[in-house]
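Opening the notebook on this one.

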Amino acid sequence: MQTRRLERLLATPPALRRTPQDTDPAAWSGRLRDVVERLARIDREPTTLTAAPAAESGGLWRQEITFRSPGRGPFAATLLAPPGDAPRPTVLVCGGRNAGLGKLTGAERPDHPDRNVAELLSHEGLTTLTLSYGVDGGLSTPGRAGRDEASLLAHAFAVTGRSLLGALTSDALGALEAIRSHPRVDGQRLAVFGHSLGAAVALHTALLAPRPLPLCTASHLGSYAVLYARLLTGHEGAVLPGILEYADLPDLYGAAGPAPLHVQYGTADPYLEADDAKAAAALIETSRAGYGEPAEIRELPMGHGSHVPKAARFLTRALSRPPVPPAGLPAQRLSFDAEERRAVLDRVDSALATGVLSQGPHTGDFEELTRTWTGTPGAAVSSGAAALEIALRIIDVRGRTVLVPVNTFFATAAAVVRAGGDVRFVDIELDGLGLDPGDLRTALDTHPDTAAVVPVHIGGLVSPALDDTLRLCRERGVPVVEDAAHAFGSRLGDRPAGAFGRFGAFSFFATKPATSGEGGLLTAPDDEDLERVRRWRDHGKSAHGSTLHDRPGSNWRISELHAAVGTVDVLRFADTLRDRQAAAVRYDELLGDLPGLRVQPVPGTCTSNYYKYLAHLDDPRRRTPLRRALRQRHGVSLAGEVYGELLCDHPYFADRTPHKAAGEFPRARWFADHHIALPLYPSLTPAEQARIADALRAELP
Ligand SMILES: *Cc1c(COP(=O)(O)O)cnc(C)c1O
């Protein structure tokens, strides 16, 4: 019997059940939510709405709404609001499978006493939004043969690796985001209610919403093993395929914290077992330990229904609290959505399945894809530092001078030291933060032994002064190695960063504009140079596959696993760049007239990837107190400077480079002292940017 196998599978405890070791409930809940998002395969697509003229009926304000999302197309909803124009706390009402919009909102006669939930809740002073699921009437195939449409749909979605529940949750999340700015809706006070199938939708919506939402459910409690396998309840579409490997229904309820939770179940509900529901209730309590507020789990003398007055009391109370203060805004936020994570996992899976974990197809793909953005062929390496060092070793800077801007990351100059060169620092110019042409000419004249010059594209700016660097170096036959660690995707005119010098070194460290976790790329227009890079990165082998070594190379290879991550990040890089540039335009508008602060302009011929959004304070002494005030009073963290200390002042170089007279490098010093970098990442929202601008306005003179 296959039921034996099924029983065995159902008896396996879920991997992510909260244990006493999980002392941080938020971290545990975050892990579970990530899995739910992956399994639900949510379409995070923009949902728009159009609203029909509103009408008063039965003492409520009623409006038919059409939402529209690219995945589903148009779908209907009804908004009910109590009298009065003011925005109200709003509940998303997810009814049971057999409850249509009309019945839930009271437009049609209810077939059960509790059916018109939305109408009843709105009479209690709450705005309600009720969505049509669209699980009835779409299927007209002969194969349907009188069978239930929701279950057929649930099976059909499975073929695509999707689920009906994921689809319904996608709709709900999109609709909730779109309704937040409706005049009758208080977008800061939202909650979800669900009954039966709708309870599953409500639960998953609460789990995946960007902010915690109070959750109230009815008639959906127990373990999946009992609900599905023992009772065969016809809860089709109310579960995510694969979820039980990680979590059971009570675990999901637990993870919906820290928002308030109210769960109702009936002792006469034929679709659940009272003992199983009780055990589930106990598990919910355990998994919510530490949230500061117990779940309300109510066993009621009812069938497969809901107790609306209790639900209304809970929702009104939960929504009357002050809105949860917004979380702190970090300096960096690297995120891969569930689809992107899935894409990485597929690639990692193929690497593990074939056993090729280094120097395989993913490295090749990564090199090929990055070329779209560098315009120059490149070899992937283990880090940006490795890329720089390999370039300098190929040029062979041993015993000779290498000119480096005094304003850069330590790795630029440290690579010179490791490659055996003598570092000499050059001042920067302030228009594009490149090497100052006058200072560079002097340095080249003073050091006729210069073996290489390493311009750095600070913050993603490719300075127009790079043309001067290239000209001065060409005149003297000195090779240029671009440190393009900040500049993946940036351009000067129509030439991409990394395409100017003999070599272009990129970093794919986790904080850089594109990342493989750890990784780097060294571009070189010359085929022979590129072949040299491949030899150096692989322990200095004299030829591919050779066991003979003819140079002191090292292990500077990238692993296939890192290349898999990098490939996915580069595949989405057009979106990354678009989002970063859009965020920069919004900052330009928000910060243009801020007193005490001046935005660093991007030179007209430069297209920046906005690795950093830079601005200058009129008074550099304000930087440290400003940083502290923004964090403590506004929860806003500034990004790291690029850079706050000149390299010549770091202990390592202070002792090694010839002693610098005070007043040297005046421009770099001015920049290092005055600038700040604002948080900027693809997921930064316009509202978050407005919050940052408000915080700056409040804290600057
Ligand atoms: C990050 C960085 C590097 C080094 O890159 P890693 O991948 O961390 O080795 C080199 N130069 C600059 C300017 C950087 O910002």
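Predicted model: local features only at pLDDT ≥ 70, side-chain atom pairs only at ≥ 80, totals over all residues.

**Salt bridges.** I searched the whole structure and got 46 salt bridges, counting a side-chain nitrogen of Lys or Arg within 4 Å of a carboxyl oxygen of Asp or Glu. One of them joins Asp251 and Arg17, at 2.9 Å from N to O. I checked where the two sit: Asp251 is in helix H9 (residues 249-255), while Arg17 is in the loop between helix H1 (2-11) and helix H2 (25-40), so the pair, 234 residues apart, links distant parts of the chain (helices are DSSP runs of H or I, at least four residues, and strands are runs of E, at least two, numbered from the N terminus).

**Ground rules.** Residues are numbered from 1 along each chain as its sequence is written, and side-chain values use heavy atoms, leaving out hydrogens and water.

**Domain 2 against domain 3.** How much area is buried between them? I get about 3,100 Å², with 64% from carbon and sulfur atoms; this is the accessible area (1.4 Å probe) lost on putting the two parts together, summed over both. On the domain 2 side, Val406, Phe425 and Leu430 lose the most area to domain 3, together 18% of what that side buries. I also find 2 salt bridges between the two domains. Across the interface, 18 residue pairs are in polar contact, both at pLDDT 80 or more (N or O atoms within 3.5 Å; within protein, one able to donate a hydrogen and the other to accept it, and sequence neighbours counting only if both atoms are side-chain atoms).

**Ligand.** I listed 17 residues around the ligand (a heavy atom within 4 Å), the closest being Gly384, Ala385, Asp483, Ser507 and Lys512. Polar side-chain atoms come up to ligand oxygen atoms at 2.7 Å for Ser507, 2.8 Å for Lys512 and 3.3 Å for Tyr643.

**Backbone.** Tyr643 turned up again: the peptide bond from Val642 to Tyr643 is cis, omega near 10°. Tyr643 lies in the loop between helix H21 (623-634) and helix H22 (651-654). I also flagged Ser196, which has a positive phi of about 60° without being a glycine. Ser196 is in the loop between strand S7 (185-195) and helix H7 (197-208). Why flag these? Most residues other than glycine have a negative phi, and most peptide bonds are trans.
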